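Me: I am new to this structure and would like to get to know it. Could we go through it together, one step at a time?

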Amino acid sequence: MTTAALTLEAPDAPAASCCAPIVRDAADPETARDLARVFKALGDPTRVQLLSIVAAHDGGEACVCDLTEPVGLAQPTVSHHLKILVDAGLLAREQRGRWAYFSLVPGALSQLATSLTETAPSS
């Protein structure tokens, strides 16, 4: 068994020495709600898998008929998950006759990746 040394600061040490200063604006409430909606959509493994399958398809789009077998779910359930991804702004939907085709919204994933680290515009 290994014992790690524990170093404690003196009780009179300034509290600010342990905290980094805020260097940019944090997300405003509306932005936080939008981000939470997108992250909530991605909080389901089936939806993450569907997003990945669409991105991996030739041309970056897939018919709903191509998405049921890989996730092992019925078409209505897959359509429900796809609707959530569309509502979150991650996928676009195009109706072609009887079938719906889904594609990634250009820039949606890169915007999501940088949204928490971008400097918010100051008012």
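Predicted model: local features only at pLDDT ≥ 70, side-chain atom pairs only at ≥ 80, totals over all residues.

Me: Which residues of H4 make the contact with H2?
Reply: Contact means heavy atoms within 4.5 Å. On the H2 side there are Thr 46, Arg 47, Leu 50 and Leu 51. From H4 come Val 78, His 81, Leu 82, Ile 84 and Leu 85.

Me: How many residues in the contact of H2 with H4 are nonpolar?
Reply: Ala, Val, Leu, Ile, Met, Phe, Trp, Tyr, Cys and Pro count as nonpolar, Asp, Glu, Lys and Arg as charged, and the others, Gly among them, as polar. By these classes the contact has one charged residue and two polar ones, while the nonpolar residues number six.

Me: How many helices and strands are there in the protein chain?
Reply: Helices (H or I, at least four residues) and strands (E, at least two) are DSSP runs, numbered from the N terminus. From that end, the elements run α-α-β-α-α-β-β-α. The count is five helices and three strands.

Me: In what order do the strands of the sheet stand?
Reply: Two strands pair if DSSP finds at least two bridges between them. Strands S1 (61-63) and S2 (91-96) each have a single partner strand, so they stand at the edges. The sheet is open, its pairing is antiparallel and its order is S1-S3-S2.

Me: How many bridges join S2 to S3?
Reply: Ala 92 stands opposite Ser 103 in S3, Glu 94 opposite Tyr 101, and Gln 95 opposite Ala 100. The two strands form a hairpin with two residues between them, and Gly 97 in the turn has a positive phi of about 65 degrees. S3 covers residues 99-104, and the number of bridges joining S2 to S3 is six.

Me: What is the bridge partner of Glu 61 in S3?
Reply: S1 and S3 pair in the antiparallel sense over three bridges. For Glu 61, the partner in S3 is Ser 103.

Me: At about what angle does H4 run to S2?
Reply: Helix H2 (residues 45-56) lies across S1, S2 and S3, at about 85 degrees to S3. Helix H4 (residues 75-87) lies across S2 and S3, and its angle to S2 is about 125 degrees.

How values were computed:
Residues numbered from 1 in each chain as written. Heavy atoms only, no water. Axes fitted to C-alpha atoms, helices over the stretch in contact; angles between N-to-C directions.
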